Amino acid sequence: ARTSAAGSDALRDKYLDGLLAAGLYEDSCRSRYEAVNYRHLSPYKPSAYLVQKLREYEDRHRRCAPHTNAYKKMLPLLTGGVAAGTVEECKYLLWTPFSGLGNKIISLTSSFLYALLTERVLLIDRGRDFSKLFCEPFPGTSWLIPEDFPMKNLYFNRGDPLSYGSLVREKGIVNPLPSFVYAHVVTDFAQEDARFFFEEDQRALRGVPWLLVRSEVHYAAGLFLNADFEPELSRLFPETETVFHHLSRYLLHPSNKAWGMITRYYHTYLAKGKERLGIQIRIFNHENSPFENVSTQVVNCLMKEKLLPEIDLNDPQVVPGRWKIMDVIVTTLHSGYLDKIRSIYWEHPAAGGVLVSVHQPSHEEYQLMDDESHDMKAWAEMNLLSFSDVLVTSAWSTFGYVGQGLGGLKPWILLRPKSPALQEPSCVRDISMEPCFHLPPAYLCEQKMDGKRGKVAPYVTYCVDVEGGLKVL
Ligand code: GDP
């Protein structure tokens with residue numbers, strides 16, 4: 001359990017058992033080494049093999065980074081030319097942002113895993129605000145696609161002639177492939193796009209120096225279904241459900257601006273108690289989610305699972321100074337839920353002399369896309385959720401997945417109402433802290449799933465929160 005947040009536990013290993021390289025970014029990226037003091041102490045250690053592979057990755061990234069000689073030699077291949085001079089061992093994975101911030105983060109993390117597996121260098125399209133939200137993760141280099149990158153439009157669509165799906169459709173599993181290929185890992189997969197996950201296709205893609213990926217899902221679970229990748233993945237992650245947990249803590253460090261928001265909020269509102277509960281409420285379908293029902297669902301879940309203290313109807317007087325404080329953070333786009341929970345403990349005392357202190361950092365009301373200030377709040381709130389000891393998230397929400405993964409927390413999931421009636425049961429405990437791969441291609445499941453379990457990796461199974469979704473257990 002947490003000893004005490006915010007720097008008071010000097011013995012904590014700020015390098016996260018070797019996950020983070022030592023000695024860098026102390027001032028330019030404060031969160032990198034400080035976040036450990038705010039989060040629940042992770043019971044999961046990265047494997048020595050993962051640590052070794054990360055250090056090798058960092059060397060490769062520095063060697064192949066934009067504007068290095070190696071990179072300059074490979075650039076002509078991007079647009080169909082031939083490599084200038086002797087080709088060095090640099091192959092790239094270009095990632096481009098797509099959909100909400102949570103979707104972006106999980107697809108980015110899966111893409112980093114894919115880059116690790118295939119010895120590629122990950123370069124990201126910064127979009128509107130990625131360089132403002134995150135620190136550079138790799139020591140002494142940059143992961144941003146440079147401003148002078150010759151290919152200006154990195155937004156490719158499913159049927160593009162250079163998409164892997166189209167290339168397969170045209171010519172079968174082709175070898176050799178062009179030197180630039182687009183992989184469409186978006187949930188509107190055509191069957192040929194889904195070939196991305198298969199062994200012979202990945203062997204063919206190995207030779208492609210410039211591979212662009214667009215995705216909005218945690219497709220890591222799909223990589224585990226590839227028999228060529230599985231042994232390496234099991235070696236990297238002997239505790240298989242820790243993929244996103246370790247990689248997100250390695251990769252995603254809030255910028256100093258975001259970290260300022262996170263730590264200010266934390267110290268102002270959430271640092272009083274010994275216990276902290278996070279509640280994330282995401283509404284996807286307003287028709288099926290009237291406020292009264294959803295707020296009842298949330299309270300039912302919290303009470304049934306004893307995540308909040310019971311109320312004492314005898315109204316005992318609590319001696320000032322003897323009470324225990326419990327901090328609760330609610331994150332949602334909407335107003336109303338906060339008051340609902342707060343008023344429970346205003347109108348009656350909690351049993352056991354507990355004071356329940358409930359806060360909600362923002363209520364933006366509407367989801368915006370690629371808006372810096374809005375995304376900054378969302379990113380700050382995902383981090384604040386990750387500081388919880390216990391977490392309740394909403395089914396289907398990648399926003400919640402990021403909080404749970406960074407926090408190393410297996411959440412209770414508020415199930416998504418299928419009709420306007422009150423949802424019963426209100427919530428269930430998740431089976432692992434890994435995010436769910438929403439809507440994997442049916443073709444992949446037909447070929448690679450054996451009933452509930454993966455044929456190649458039996459610990460790949462179906463998600464609790466999303467019907468038909470896949471996750472690593
Ligand atoms: P998902 O749609 O729940 O899977 O999560 P995403 O993060 O991909 O997209 C939802 C977007 O809506 C977020 O990125 C935010 O922009 C916004 N949003 C949703 N819930 C919240 C919330 O609790 N707090 C804030 N600040 N923004 C939210």
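Before anything else, a working definition: two residues count as in contact when their C-beta atoms, placed from the backbone, lie within 7 Å. Keep in mind, too, that what you are looking at is a predicted model.

**Stop 1: the two domains**

Colour residues 30–251 one way and 256–435 another; the domain assignment of the chain calls these domain 1 and domain 2. Their centres, taken over C-alpha atoms, are separated by 33 Å. Now show the boundary: 25 residues of domain 1 are in contact with 29 residues of domain 2. To find the domain 1 side of it, select helix H1 (30–34), H4, helix H5 (130–133) and helix H11 (243–251), each of which supplies at least two residues there. Colour that side by class and you get eight nonpolar, 10 polar and seven charged residues.

**Stop 2: the whole chain**

Zoom out and switch to cartoon. The chain has 17 helices and 14 strands. Its radius of gyration is 23 Å, close to the 23 Å from the globule rule for 473 residues, so the chain is as compact as a globular protein of that length. If you draw a box along the principal axes, the C-alpha atoms fill roughly 80 × 50 × 40 Å.

**Stop 3: the four-stranded sheet**

The strands form an open sheet of four in the order S2-S1-S4-S3, with parallel pairing. Strand S2 (121–124) and strand S3 (180–185) are the edges: each has a single partner strand, so one side of each lacks a neighbour in the sheet. Going from one strand to the next, the twist averages 25°.

For a closer look, stay with S1 and S2, which run parallel and are joined by four bridges. Pick Tyr 92, and its bridge partner in S2 is Val 121.

**Stop 4: the six-stranded sheet**

Next, pick out S5 and S6. They belong to an open sheet of six strands, ordered S7-S6-S5-S8-S9-S10, and here the pairing is mixed. Strand S7 (354–359) and S10 sit at the edges with a single partner strand each, so one side of each is left without a neighbour in the sheet. Neighbouring strands are turned against each other by 20° on average, direction ignored.

Strand S5 (residues 275–281) pairs with S6 in the parallel sense, over seven bridges. Click on Ile 279 and look across to S6, where its bridge partner is Val 330. Then bring in H15: this helix packs on the sheet, touching S5, S6 and strand S8 (390–394), and its direction makes about 145° with that of S6.

**Stop 5: around the ligand**

Which residues come nearest to the ligand? Of the 20 around it, those are Gly 100, Leu 101, Gly 102, Ser 397 and Thr 398. Now select helix H4 (101–118), strand S6 (324–332), helix H15 (372–386) and helix H16 (398–407), the elements that give two or more residues to this shell. H15 gives the most, with five residues.

Colour the shell by class and you will find four nonpolar, 11 polar and five charged residues.

**Stop 6: two backbone details**

Show the backbone at Glu 424 and Pro 425. A cis peptide bond joins them, with omega about -5°. Pro 425 lies in the loop between strand S9 (412–414) and strand S10 (427–429).

Last, head for Leu 16, in the segment before H1. Its phi is near 55°, a positive value in a residue other than glycine.

Key:
Residues numbered from 1 in each chain as written. Predicted model: local features only at pLDDT ≥ 70, side-chain atom pairs only at ≥ 80, totals over all residues. Pairing = 2+ DSSP bridges. Axes fitted to C-alpha atoms, helices over the stretch in contact; angles between N-to-C directions. Near = placed C-beta within 6 Å. Nonpolar A, V, L, I, M, F, W, Y, C, P; charged D, E, K, R; others polar. Domains from an automatic or database assignment. Rg over C-alpha atoms; globule rule 2.2 N^0.38 Å.
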